[in-house]
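This report describes a single protein chain, moving from one residue to its surroundings and then to the chain as a whole.

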Amino acid sequence: MLIDNHLFVSFYKRANSILNRTLNRIEQQDLTVHIHYWGFMPRHYDNTEHKHSFFEACYVLTGSGSYIEDATEFPLQPGTMFLSRPGVQHQIRSKEGLSLCYVAFELDETAHNELYAAAFRLLAKQGIPVLQEGQQQAPGLLWLSLLSQFHSVDKTYSPHVLNSIAASLILSIAAAHGPGFYQEPSGTEAHDEGISMFHQAELFIKDNLNEPLSLERVAGHLHITTRHLTRLFRKYGHQSFVHYVQEQRVQKAKHLLLNTDRQIKEIAVFCGFESVHYFTRVFTSKLGVTPARFRRSQFSEGRYDSEL
């Protein structure tokens with residue numbers, strides 16, 4: 001299927017604005033998924049090497065480039081689907097610019113069917129990073145279906161339709177890149193006490209983001225050593241304790257920027273940042289846009305060329 005990028009460019013800003021404001025959580029029977037951000041980018045060039053604690057799935061509409069994961073380089077072309085898994089170092093490169101759709105997400109393991117939980121755990125471990133010729137595969141078709149909901153500023157979108165398409169998209173991504181929804185978790189993994197301890201640490205951090213959160217403080221709350229807590233975050237959080245706390249602070253700040261009129265300096269303090277300058281640096285490194293610009297554009301400009 002040939003895609004006219006110019007046809008979709010006008011949809012991008014509206015899709016970014018509406019989805020990042022209204023669709024941060026997908027809830028269906030036995031399935032809850034947190035959406036960290038949506039993105040529709042007319043021209044994506046190079047970015048720096050980085051990693052996440054969540055999944056980020058991308059679909060190439062037009063253009064060419066490469067996706068690099070742990071020193072392995074994969075070609076990108078129209079129809080390519082690629083998935084960055086938690087804790088995996090990756091980078092995108094393109095000289096001519098890629099037109100991309102992308103979504104960052106993670107499963108809420110407190111509200112799930114074990115079938116889904118097992119599938120997403122296997123996706124994190126065994127997921128295929130790059131799939132070519134995705135135009136006729138379910139994720140590619142669903143990306144186009146999602147974009148089509150925003151083809152006119154006069155058209156009223158349906159939240160129920162958006163939620164249904166988004167849920168189907170996330171599940172189709174997991175099915176395309178992973179082993180599917182038919183594998184049972186191993187007995188040792190399903191009953192690993194470390195998972196429970198890690199979730200307790202997560203809850204304590206999320207409930208106390210406006211306060212100083214040192215490794216020593218969280219470990220003391222859980223009555224474990226700092227070394228043990230460090231291992232838990234490496235194993236289950238797929239990154240360091242410090243980076244995890246930073247990501248949670250940024251996600252909270254993102255919500256406040258979009259949904260309140262608090263001053264940026266006030267948001268920085270409320271989310272536990274030492275200064276507004278440090279907040280700006282961390283926020284920009286995570287989302288690729290400053291807090292002020294994020295708020296002004298409602299993420300409609302995102303990380304792409306704002307002239308389009």
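Q248 is placed in helix α9; helices (H or I, at least four residues) and strands (E, at least two) are DSSP runs numbered from the N terminus. The model is a predicted one, in which local features need pLDDT of at least 70 and side-chain atom pairs count only at pLDDT 80 or more, whereas totals for chains, interfaces and linings use all residues. Residues are numbered from 1 along each chain as its sequence is written, and side-chain values use heavy atoms, with hydrogens and water left out.

Q248 counts as buried because its relative accessibility is 10%; buried means under 20% relative accessible area, exposed over 50%, and partly exposed in between (1.4 Å probe, protein chains only). Leaving aside residues up to four places away in sequence, Q248 touches I205, K206 and L209, where contact means heavy atoms within 4.5 Å.

Helix α6 covers residues 193-207. Its 15 residues reach 22 Å from the first C-alpha to the last, close to the 21 Å expected at 1.5 Å a residue; the expected span is 1.5 Å times one less than the number of residues. The buried residues of α6 are G194, I195, F198, A201, E202, F204 and I205.

## The second largest pocket

The second largest pocket has a volume of about 530 Å³. On a 1 Å grid over the protein atoms alone, a pocket is an open set of points where a 1.4 Å probe fits, with protein on both sides within 12 Å along at least five of seven lines; lining residues have an atom within 4 Å of a point. The lining comprises 26 residues, of which T48, H50, H52, S285 and K286 lie nearest the centre. At least two lining residues come from each of β2 (31-44), α9 (241-259) and α11 (276-287), and α9 gives the largest share, 5 residues. The lining is divided by class below.

| Class | Lining of the second largest pocket |
|---|---|
| Nonpolar | 6 residues |
| Polar | 13 residues |

Ala, Val, Leu, Ile, Met, Phe, Trp, Tyr, Cys and Pro count as nonpolar, Asp, Glu, Lys and Arg as charged, and the others, Gly among them, as polar.

## Strands and the whole chain

In strand β3 (residues 55-62), 8 of 8 residues are buried. β3 pairs with strand β6 (residues 81-84) in the antiparallel sense over 4 bridges, and the bridge partner of E56 in β6 is S84. Strands pair if DSSP finds at least two bridges between them.

The chain has 12 helices and 9 strands, and 52% of its 308 residues count as buried.

Key:
Points joined across faces, edges and corners; volume = space filled by probe spheres on them.
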